[in-house]
Amino acid sequence: MLELRNISKTFAPGTVNEKKAISGLSLNVEDGDFITIIGSNGAGKSTLFNAIAGSFFVDDGFIFLGGQDITYLEEHKRSRVIGRMFQDPLKGTAPSMTIEENLALAYLRSSEGTSPFSRISARDKKNFREQLSKLGMGLEDRMKDPVGLLSGGQRQALTLLMATIVTPKVLLLDEHTAALDPGTAEKVIELTKSIVEAGHITCLMITHNMKQALSTGNRTLLMNDGHIVLDVSGEERNALTPKDLIEKFKNKVGEELDNDRILLST
Amino acid sequence: MAYIIKTALELGLLYAPIPLALFLSFRILNIADMTTDGCFVLGAVVSVTWAAAGHPVLGIFLAMAAGVLAGFVTAMLQTRFGVPSILAGIITNFGLYTVNLWVMGGSSNVNLLKTETLFTMFRRGASFAGAYSDMLLIAIITFAAAAGLIWFLSTRLGLSIRATGDNADMVRASSVNPRFTTTVGLCVSNSLTALSGGMVGQYQNTADINSGTGIVVIALACLIIGETVLGKKSMFKGAVAAILGSIIYRVIYAVVLKTRIVPMQGLKLMTAVVVAFAIAFPTIKEQLHFARKKHLASKDASGKEA
């Protein structure tokens, strides 16, 4: 489904700040995979997502999505088939626009061929309402409210809906529950699981929660220094505990896992 | 007095498309578009030159088309070539001076003497309106422009333009190119500015190379006055506020002109102060709030020591 072939990315090359964020990384994501990704600070997890989403072009290598070469496809064109969420609830929505208008924007991804001068139809509104009610947050009765009035959890749930309202081929979740309180985070994770399952969406999720990394999805990647150092799935993964994972990391990399948030949450 | 109000209303409505344009570029897209001054003159010279050639109606449409081009140049500079947005407008504005001279065939002004204009045509057609026919025509055009803008902002394209100023990342995530939406937004806003220039030119029967100086600041003042009176909660309110602000500004202007409460030369300084203060207001408020907090805290601390 998604294939990264030997991709590299260096920031600020040739300066004192040169940083090899990803070097020679290859990854094959199967259709319907739900992959969780953990790793040290600065391991290149978010850079990996930026490369897939097209926030920048990679220096080397190729990216294929559904058999199509998207290595040099611009970000806004990729976003038709790639949904994305960030840690910061403010990043995914336009605060001064209403819930309905935000959803209409997200729904533009399905609009190829329709007139740019068309407006939100009654049918769209009904559809948005139905989808919102599935979140179970009462947002369906607040469709005319500006998104800026919503809480972080509500905004993140709305962003999740926006990222999946047109079913993407790949969904990228970058610690999308990290800024939420534990209860809300739990709720958003449950929502994520049910939406991903219902839509049979291929999904990659960065998390700092070891337990979550092992209990969610079907495959787990450990990243360090721009490489994937561990890739577990199936029986092997089922048998792992968070402690095993930290141990395995130490054996592979030869140093302690350096991510205070991971260590604090285990 | 009635005459003052009538003139103020006419001028307010004539210039109202500019605060409308800034409502789109400054408020919605979050861009301070310095093309405005030159674009206004461009609208005036194109419309007056074509009116002088016997095509007043066509002149207005060509003025708007010229405005679109001016906006397009500014937009290209900032979205494609990395010129900082304020500088992009200043550069276009500077270059437009020469373009405007060219349009007028090298002279610094063009006058309409006994030539047909939009207004003379309308006076004949709408004789029932009598002395108010000019105002009626201006009101029709300006309100049509405002209605068009409000409609445009509710379309899918309009929604993506609104989101661009709010959160460009999200626009990109919705498969829309923010460069594209910024460009369309600036083209539309500058066509409104040029529409105003086009109307003013034919209304005053003249176009002058220097008639646009400082018009962006005046229009900002209008926008801010309107928003203070009406609020800016919705697109509808924002657009109406721009028109209302423009009228209020012209009434103030007329009163100052008549009564000389403030010397005439002082008007620009006054406008500048109003605009600077209104834009700085949120920051000033925050600083005052912080200063009060600090003061209370230090009083508290010294109280405990005693």
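How many residues does the contact take from chain B and from chain A?

1. The contact takes 18 residues from chain B and 24 from chain A, two residues being in contact if their C-beta atoms, placed from the backbone, lie within 7 Å. This is a predicted model, in which local features need pLDDT of at least 70, side-chain atom pairs count only at pLDDT 80 or more, and totals for chains, interfaces and linings use all residues. Residues are numbered from 1 along each chain as its sequence is written, while chains are lettered from A and ligands numbered from 1 in the order in which they are written.

2. On the side of chain B that touches chain A, α8 (156–166) and α9 (168–173) of chain B are the elements that give two or more residues. Of these, α8(B) gives the most, with seven residues. Helices (H or I, at least four residues) and strands (E, at least two) are DSSP runs, numbered from the N terminus.

3. Chain A has 10 helices and 10 strands. Its C-alpha trace spans about 60 × 40 × 35 Å along the principal axes. Of the 266 residues of chain A, 40% count as buried (20 or more other C-beta atoms within 10 Å of the residue's own, with C-beta atoms placed from the backbone). Residues 24 or more positions apart account for 69% of the chain A contacts with a separation of 6 or more.

4. Within chain B, B:L118, B:F119, B:F122 and B:R123 in α6(B) meet B:S133, B:D134 and B:L137 in α7(B).

How values were computed
A residue is buried if 20 or more other C-beta atoms lie within 10 Å of its own, exposed if 12 or fewer, and partly exposed in between; C-beta atoms are placed from the backbone.
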